Amino acid sequence: MTDHPLTLFNSLTRRLEPFDPVHPGEARVYSCGPTVYNYPHIGNMRAYVFADVLGRTLDWKGYRLTHVINITDVGHLTDDADAGEDKLEKAAAEKAQSIWDIARHYTEAYWTDIRALNIRQPAHWSIATDYIEAMIAFAQEIADAHCYELPGGLYFDVTSVPDYGRLARASTDEGEGRIEAVEGKRHPADFAIWRKTPAGEKRQMEWDSPWGRGAPGWHLECSVMSGKLLGFPFDIHTGGIDHREIHHPNEIAQNQAFSRCGSLDNPAHSGARVWMHNNFLVERSGKMSKSAGEFLRLQLLIDKGYHPLAYRLMCLQAHYRSELEFSWDGLGAALTRLKRMVIAAERLADAPEGALDHPKFADLLDRFDAAISDDLNSPVALTLLEDALAVKKVDAGAKRAVVARMDAVLGLGLLDCTRADLRLRPKGAAVTEAEIVSALARRREARAVKDFATSDAIRDELAAKSVEVMDGDPLGWEWKL
Ligand code: AMP
Ligand code: ZN
């Protein structure tokens, strides 16, 4: 049932490659996590839905998974290249709050979204500030051969390792797109691995180091946490495509330096055998960016009455390497599709889980495995799950087992969900669900005695409160807001 070899697209070699674990039977995965200075937008969450589907697929293929996601609570500058202020210091100054409170608040908010999207908990959430000592030790290890000091801190010399920037799509020879904000850098792409607190300033987050009091660079954090928790080389490193340009090339350079590794012709020299990147969720009006004021948070979707799993389904409908355009219509269509699946799954609720080897499902399971093994083809896997739900005249227990197994990969939680769960009341709606249900009951009574005047009046009353009565809805939905 899981015989198709798992192939994954490696951004480093730009090829589809069969997955070949470093430790037989195991899969060790590191995902770049959020910088917790603001709420995540739904584009950020696409990165974790992708990493989650990857983890669930590795499970499906029988690997023992160790997944790490980090939480960046220090060191990420407002510009990914080497310029600007620390995002958390800036947020703390603007809000006149302690950095630790800000980090805690936004970490909790991120975890709330993680749960709402059925993203499984990784083995470790690594918090950057818990690893400062390890970061200093790592930097000491590479400082002599690969770094130089400037008044601003310790800088990594990108010419000191072979193949710097191979991962990046754009040529980085000229340091393309980078602001050369730091005087004395030998190469525009050189980056700080330790930033000194400027004389006379006091930061909320700073530590003593051999290069003065200051804070680690963002790239250093991920190298240290991934290496410490998973060991170099580990299997798969993930992130959004923006990380292909600066963050991951810099992590790779540090990893090569630390492990005294040569050319990236051997991808394992990068610290991970496979680098995987999800494409962006885009929005035409450009509101996604966290810095542009109002932005699309998962909570906004929920407030408008969309179940968060409709957003997960929307992500699954696109291949992770394709750009995905967000629209409210698209989200509405995803919600309808989810409703249909949940209604079909509801019929299985009482069935005892049967055996997986029912002949009616053998072909579907095989095609499902082929799809998900083909660089996580979730759009096709999703249609196969729908096909399984639609199989007629078959033992309900066998169907339940197949649906549960496929859904363990896609993570929609179909068997734990009812159609009532999917109907969220938009924030600020003028009526409660109980009021709607009782009005509809009165309307049914009126219709039963052919009192259409009363029936229509109730319908209009509800319409005035933005409740649409849906007679004869094929999904059996009686109303919507
Ligand atoms: P950040 O908190 O900015 O470090 O981003 C967290 C994750 O979200 C990173 O893996 C980014 O690459 C990813 N990301 C940022 N914007 C988007 C987007 N619009 N669509 C998909 N992934 C994104
Ligand atoms: Zn990272």
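Predicted model: local features only at pLDDT ≥ 70, side-chain atom pairs only at ≥ 80, totals over all residues.
Ligand 1 is surrounded by 18 residues, and the closest of them are Thr35, Gly43, Gly240, Asp242 and Leu281. Two elements, helix 1 (42–60) and strand 12 (234–240), each contribute at least two residues to the shell. Of the two, helix 1 stands out: its 4 residues make up the largest share of the shell.

At Thr35, a backbone N or O atom sits 3.1 Å from an oxygen atom of ligand 1. Gly240 also uses its backbone, with an N or O atom 3.1 Å from an oxygen atom of the ligand. With Asn278 the side chain does the work: one of its N or O atoms is 3.3 Å from a nitrogen atom of ligand 1. As for how covered the ligand is, ligand 1 would expose 490 Å² if taken alone, and the protein buries 93% of that.

Further along the chain, two helices pack against each other. A pair like this is described by the angle between the two axes and the distance between them. For helix 9 (residues 328–346) and helix 11 (residues 378–390), the axes come within 10 Å and cross at roughly 35°. The crossing is left-handed. On the helix 9 side, the residues involved are Arg337, Met341, Ala344 and Ala345, and they meet Leu382, Thr383, Leu385, Glu386 and Leu389 of helix 11. By class, that contact comes to 6 nonpolar, 1 polar and 2 charged residues.

Finally, two spots in the backbone deserve a look. The peptide bond leading from Phe232 to Pro233 is cis, its omega being near -15°. Pro233 belongs to the loop between helix 5 (218–230) and strand 12, and strand 12 is one of the elements that supply the ligand shell. The other spot is Arg14, which has a positive phi of about 60° despite not being a glycine. Arg14 is also a loop residue, placed between strand 1 (7–10) and strand 2 (15–18).

Note on methods: Residues numbered from 1 in each chain as written. Chains lettered and ligands numbered in written order. Heavy atoms only, no water. Axes fitted to C-alpha atoms, helices over the stretch in contact; angles between N-to-C directions. Left-handed = near helix turned anticlockwise from the far one by under 90°. Contact = heavy atoms within 4.5 Å. Nonpolar A, V, L, I, M, F, W, Y, C, P; charged D, E, K, R; others polar. Near = heavy atom within 4 Å. Polar contact = N/O pair within 3.5 Å; in protein donor to acceptor, adjacent residues only side chain to side chain. Areas by Shrake-Rupley, 256 points an atom, 1.4 Å probe, with all protein chains shown as cover.
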